[in-house]
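Here's a quick briefing to read with the model open beside you. Have a look at the structure first, then work through the topics below.

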Amino acid sequence: MAQLVNIAAGYIKAPDAVMAAQAELLRAAQASADRARSLTLAAVMCVGFFYAFWRVSPELRARVLCEAFLRRLFFLSAVVAILTTIGIVASLLFEAVRFFREISLFDFFFGTHWSPMTALRPGDTAAADEFVAGSSGSFGMVPVMAGTLLVAVIAMAVAVPIGLFSAIYTSEFASRRVRNIVKPTLEVLAGVPTVVYGFFAALTAAPFFRDLGLVVGLDVSSQSALAAGGVMGIMIIPFISSLSDDVITAVPQSLRDGAYGLGSTRGETIIRVVLPAAFPGLVGAFLLAISRAIGETMIVVMAAGVAANMTINPLESVTTVTVQIVMLLTGDNEFDSVKTLSAFALGMTLFVITLLLNVAALTASRRLGQRYE
Amino acid sequence: MDTVVDMAKAIKIQAKDVNVFYGEKQALNNVSIDIEDRSVTAFIGPSGCGKSTFLRCFNRMNDVIPSCRVEGSIMMGDVDVNNPQTDPVLLRARIGMVFQKPNPFPKTIFENVAYGPRIHGLAQSKAELDDMVEDSLKKAGLWGEVADRLADQATGLSGGQQQRLCIARAIAVGPDVLLMDEPCSALDPIATSVIEELISELQQRFTILIVTHSMQQAARVSQKTAYFHLGTLVEYGDTKDVFTLPKNEQTEAYISGKIG
């Protein structure tokens with residue numbers, strides 16, 4: 001058939017008379033189909049034109065109809081966004097439930113061994129039989145979660161001080177001119193694709209930390225949590241600095257005046273009055289940043305490694321929830337295997353965690369808003 | 001009645017030819033004034049006449065506004081307020097300020113009052129700090145209301161209580177002068193009368209400068225009144241004279257309600 005289409009279109013020569021005749025028929029059929037399509041289109045246009053022409057009259061209140069149409073359009077868009085979200089969550093939930101039919105909740109959430117690639121379906125082959133005993137144990141998400149948290153903690157350790165301090169600088173010290181340069185520049189950082197950060201982490205940061213480790217006599221893995229977390233921290237800096245700047249700027253000037261009036265220096269005013277006043281909002285900003293760090297994928301895929309080590313040593317290689325999901329769902333996999341399903345369970349867990357963090361962040365910043373009208 | 005000599009009090013602050021500019025715009029024009037020690041001086045005048053700007057000159061609060069420039073000399077004792085060599089941080093420790101809107105810090109009542117003594121290192125021990133806080137709250141007439149809830153958030157107090165807390169906070173640093181920028185404009189009449197009584201009491205210890213929009217308030221609490229109009233000091237004298245026998249017709253028009 002594909003050959004026929006090509007012959008009919010004249011891309012290739014027909015190999016024999018039968019094919020040529022068939023191609024001729026196909027061409028005729030296509031031509032008549034084209035004609036029919038044009039005619040239908042013309043007919044629809046005519047009908048539409050005459051309908052519109054017939055409706056146009058002084059009595060028609062087109063404005064009201066337009067408004068109603070627009071309102072429905074906007075409502076529909078909102079509904080589509082919400083429905084797709086619900087759909088995604090539902091499919092996640094559905095697959096996760098299938099996974100938990102195979103592996104118990106307890107083993108998944110509290111198991112300390114993660115190696116889904118070696119765990120075949122129970123009773124599959126003799127080779128697998130040796131592993132059956134440990135089969136359920138290899139879906140323990142604790143080491144994966146620990147790796148995720150370790151990378152996120154390192155990222156926050158980098159991003160919170162730098163982001164917060166730069167926010168304090170732009171909001172309290174910088175002149176308007178400096179602020180107008182520094183703020184957009186920081187926000188450009190937020191526009192760098194994460195894959196770029198990823199190979200920066202894998203090709204620049206990780207070797208750097210390894211070489212540094214050699215110099216001081218430390219054994220640093222070439223895919224260290226430190227490199228991945230550090231680069232992720234750099235990625236989050238603009239996020240934190242931008243949100244914190246907004247929060248600090250929102251602290252009423254009257255509080256600063258009060259502090260200055262009592263003879264506070266600038267530093268005392270910021271540390272003792274402005275930051276405590278901004279605290280709930282800052283916590284909100286940090287929580288949002290953590291939830292981004294936990295959900296971040298590209299950097300860790302490229303720089304953190306895949307071995308599920310249970311460690312808090314930042315110099316070792318760790319793996320994260322997002323990396324494991326990528327590993328489980330890319331490449332040739334049977335879709336019904338427990339190992340594929342475990343990706344959905346991991347995804348579900350991740351989703352619940354970031355959801356909770358986001359809700360907490362929103363609550364925290366709302367509390368700030370209430371305090372100052 | 002005492003003799004005239006007893007009535008004349010010592011001069012606490014002497015301002016001479018003060019000019020203030022916001023960018024190109026001149027907000028105050030050659031204002032000279034002598035403020036008496038331990039008295040209440042009221043600054044009155046229509047909005048935008050420069051009275052608040054003038055008040056903020058005494059503790060260099062105008063430094064906070066980038067485009068603002070102050071000229072002239074203000075002598076407080078032997079301190080040259082407007083001299084660039086004078087440290088505004090030390091100056092503000094000697095001059096308390098109370099603002100239009102109560103602005104307690106988002107801390108506990110105790111921490112609000114203890115803030116000043118803490119940053120200036122005035123208390124040597126916890127007990128001394130406790131005493132300072134209690135003393136300041138007593139002077140501000142708030143002790144009885146908050147003695148049993150010093151650990152509560154200050155933002156939970158009523159507006160009038162918050163404003164008295166701000167006064168206590170200012171007093172705790174041990175100033176000689178209190179600047180009050182329309183301290184009652186955000187308060188209801190009852191809270192206002194409490195603050196006014198308080199001002200009369202505080203006058204025993206402090207030199208008070210108060211900006212107010214309420215002429216009744218100026219008449220009730222002050223001994224001296226200064227009337228400002230369009231950045232100039234139009235009339236300055238004993239409050240009873242300014243209100244009963246104004247020398248200037250602008251002043252008379254303002255206090256009789258014809259302008260402003």
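This is a predicted model: local features need pLDDT of at least 70, side-chain atom pairs count only at pLDDT 80 or more; totals for chains, interfaces and linings use all residues.

Residues are numbered from 1 along each chain as its sequence is written, while chains are lettered from A and ligands numbered from 1 in the order in which they are written.

**Chain B overall**
- Chain B holds 11 helices and 10 strands; helices (H or I, at least four residues) and strands (E, at least two) are DSSP runs, numbered from the N terminus.
- The radius of gyration of chain B, taken over C-alpha atoms, is 18 Å, which agrees with the value near 18 Å for a compact globule of 260 residues; the globule rule is 2.2 Å times the number of residues to the power 0.38.
- Its C-alpha trace spans about 55 × 40 × 40 Å along the principal axes.
- Of the 260 residues in chain B, 45% count as buried, meaning that 20 or more other C-beta atoms, placed from the backbone, lie within 10 Å of a residue's own.

**The sheet in chain B**
- Six strands make an open sheet with mixed pairing, in the order E6-E7-E8-E3-E9-E10 (chain B); two strands pair if DSSP finds at least two bridges between them.
- Strand E6 (95-98) and strand E10 (232-238) of chain B are at the edges with a single partner strand each, so one side of each has no neighbour in the sheet.
- Strands E7 (residues 177-181) and E8 (residues 207-211) of chain B run parallel and are joined by 5 bridges; Met180(B) has Ile210(B) as its bridge partner in E8(B).

**Where the chains meet**
- Contact here means C-beta atoms, placed from the backbone, within 7 Å; 23 residues of chain B are in contact with 16 residues of chain A.
- On the chain B side, helix H3 (88-94), helix H4 (109-120) and helix H7 (159-171) each give two or more residues.

**Helix H10 of chain A**
- Helix H10 (residues 253-261) of chain A has 7 of its 9 residues buried, so it is largely enclosed by the rest of the structure.
- Among the buried residues of H10(A) are Leu255(A), Arg256(A) and Tyr260(A).
- Their cover includes helix H11 (266-295) of chain A, together with H3, E6 and H7 of chain B.
- Just after H10(A), Gly263(A) has a positive phi of about 85 degrees.

Note on methods. Two residues are in contact if their C-beta atoms, placed from the backbone, lie within 7 Å. A residue is buried if 20 or more other C-beta atoms lie within 10 Å of its own, exposed if 12 or fewer, and partly exposed in between; C-beta atoms are placed from the backbone.
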